[in-house]
Amino acid sequence: MPASSLDLWPEIPTEKLRTPVSILREQAALLGQKTQNLLEAGVSTTTFEGSFRHSFFILAPSLDYSTELFTVEHRIELYPVFGIANGIRVRMDTEDQFIGWIRIQLSSDATQRLVQALLAQINS
């Protein structure tokens with residue numbers, strides 16, 4: 001009979017953390033709902049040098065058009081997160097800061113003009 005194994009691991013938390021990519025995916029799903037799926041948003045993830053890069057983009061499938069709005073980078077630890085938009089890199093140390101930054105990107109004049117222009121072309 002084998003000797004019982006020695007478990008030296010501490011308790012591992014099973015709580016579900018909101019990751020930066022899950023927050024981005026939530027927002028991506030909402031664009032389709034708001035535009036009756038005329039526009040969609042998506043998140044593409046790549047890894048590099050031990051880090052994650054999430055690209056947030058808007059698609060107009062009927063126009064065969066897509067464009068990246070911003071990217072987000074972080075290491076395996078969820079924070080800090082670095083957001084890159086319009087060539088400007090911003091460090092965010094908390095989920096609240098990250099959510100605030102995303103809100104600014106999605107509600108910016110440039111994003112609103114892009115969404116309106118795409119919808120106008122789709123509906124013309």
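Me: Over how many bridges do β4 and strand β5 (residues 88-92) pair in the antiparallel sense?

Reply: Strands here are DSSP runs (E, at least two residues), just as helices are runs of H or I with at least four, all numbered from the N terminus. Two strands pair if DSSP finds at least two bridges between them. For β4 and β5, running antiparallel, the bridge count is five.

Me: What pLDDT do side-chain atom pairs need to count?

Reply: This is a predicted model, where local features need pLDDT of at least 70, totals for chains, interfaces and linings use all residues, and side-chain atom pairs count only at pLDDT 80 or more. Residues are numbered from 1 along each chain as its sequence is written, and side-chain values use heavy atoms, with hydrogens and water left out. So for those atom pairs, the cut-off is pLDDT 80 or more.

Me: Which residue in β4 is the bridge partner of Glu-73?

Reply: Strand β3 (residues 65-75) also pairs with β4 in the antiparallel sense, over three bridges. A hairpin of five residues joins these two strands. On the β5 side, Arg-91 stands opposite Phe-82. Glu-73's bridge partner in β4 is Phe-82.

Me: Which residues make up the uncovered face of β4 (residues 81-85)?

Reply: One face of this strand is covered, and that one has Val-81, Gly-83 and Ala-85. The uncovered face is Phe-82 and Ile-84.

Me: Which residue takes a positive phi in the hairpin of β4 and β5?

Reply: There are two residues between the strands in this hairpin. The positive phi is near 55°, and the residue that takes it is Asn-86.

Me: Which residues are linked with Glu-73 in a network of salt bridges?

Reply: A salt bridge here is a side-chain nitrogen of Lys or Arg within 4 Å of a carboxyl oxygen of Asp or Glu. Glu-73 forms one with Arg-53, the closest N and O atoms being 2.8 Å apart; Glu-73 is in strand β3 and Arg-53 in strand β2 (residues 51-60), so this pair ties together parts 20 residues apart in sequence. Glu-73 also meets Arg-89 of strand β5 at 2.9 Å, N to O, and that pair links parts of the chain 16 residues apart. The network links Glu-73 with Arg-53 and Arg-89.

Me: Is Glu-73 buried or exposed?

Reply: Buried means under 20% relative accessible area and exposed over 50%, with partly exposed in between (1.4 Å probe, protein chains only). Glu-73 has 10%, so it is buried.

Me: How far apart in sequence are the parts that Glu-95 and Arg-18 tie together?

Reply: These two form a salt bridge, with 3.3 Å between the closest N and O atoms. Glu-95 lies in helix α2 (residues 95-107) and Arg-18 in the segment before α1 (20-34), so the parts they tie together are separated in sequence by 77 residues.

Me: At what angle do α1 and α2 pack?

Reply: Axes are lines fitted to C-alpha atoms, for helices over the stretch in contact, and angles run from 0 to 180 degrees between N-to-C directions. The axes of α1 and α2 are 11 Å apart, and the packing angle is about 30°.
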